[in-house]
Amino acid sequence: MAYRDGTGTLLIGTTTVPLEVAASYRARTRGLLGRDGVEGALLLTPAGSVHTFRMRFPIDVAHLDRRMRVIALTTMPPGRLGLPRLRSRHVLEAEAGAMARWGLTVGSTVTVSAGGPPGTGR
């Protein structure tokens with residue numbers, strides 16, 4: 001599935017999480033930089049690695065393969081460079097601790113329902 005910048009929902013088992021999708025180069029480059037937090041999660045697509053330089057808070061990072069299955073999970077403090085994951089096609093970011101609360105583990109499969117452009121609520 002080809003994604004575009006916007007909003008949507010993330011389904012993890014029976015848990016529904018608000019989602020922001022960053023699919024354009026500009027949106028992926030900006031990511032969570034300059035923010036004090038994130039409501040829900042941010043999906044970077046396509047992406048194989050991330051960094052937390054100039055970030056203000058620690059984040060949970062989930063690397064997803066092309067079938068949206070979690071292949072790696074980590075928590076990164078600000079100022080770090082993450083290792084690239086060769087099979088990673090998407091990266092999911094959330095505030096540290098959020099993914100554990102949602103029950104996300106390595107091997108979990110997530111479902112993304114993309115909505116509309118940012119701010120539309122669709």
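Trainee: How many salt bridges does the count come to?

Mentor: Side chains of opposite charge can pair when their charged atoms come close. The rule requires a side-chain nitrogen of Lys or Arg within 4 Å of a carboxyl oxygen of Asp or Glu, and by this rule the count comes to three. This is a predicted model, in which local features need pLDDT of at least 70 and side-chain atom pairs count only at pLDDT 80 or more, whereas totals for chains, interfaces and linings use all residues. Residues are numbered from 1 along each chain as its sequence is written, and side-chain values use heavy atoms, with hydrogens and water left out.

Trainee: Which side chain meets that of Glu20 in a salt bridge, and where do the two residues lie?

Mentor: The partner of Glu20 is Arg35, at 2.9 Å from N to O. Glu20 belongs to strand E2, while Arg35 sits in the loop between helix H1 (25-30) and E3; the pair, 15 residues apart, links distant parts of the chain. Helices (H or I, at least four residues) and strands (E, at least two) are DSSP runs, numbered from the N terminus.

Trainee: Are Asp36 and Arg56 buried or exposed?

Mentor: Relative accessible area decides: buried means under 20%, exposed over 50%, and partly exposed in between, with a 1.4 Å probe and protein chains only. Both Asp36 and Arg56 are exposed. Their side chains form a salt bridge at 2.9 Å, N to O.

Trainee: Why does Asp65 count as buried?

Mentor: Asp65 counts as buried because its relative accessible area is 7%. Its salt-bridge partner is Arg69, at 3.2 Å, N to O. Arg69 has a relative accessible area of 32% and is therefore partly exposed.

Trainee: How many residues has the largest nonpolar core?

Mentor: In soluble globular proteins, nonpolar side chains tend to be buried together. A nonpolar core is a set of buried Ala, Val, Leu, Ile, Met, Phe, Trp, Tyr and Cys residues joined through side-chain atoms within 4.5 Å. Here the largest has 21 residues, and Leu10, Leu19 and Trp102 are among those with the most contacts inside it. Elements giving two or more residues to this core include strand E1 (6-12), strand E2 (15-22) and helix H2 (98-102). Another core, of 14 residues, lies apart from it, with Leu42 and Phe57 among its members.

Trainee: Which residues does Leu19 touch?

Mentor: Contact means heavy atoms within 4.5 Å. Not counting residues up to four places away in sequence, Leu19 touches several residues, including Leu10, Ala41, Leu92 and Val112.
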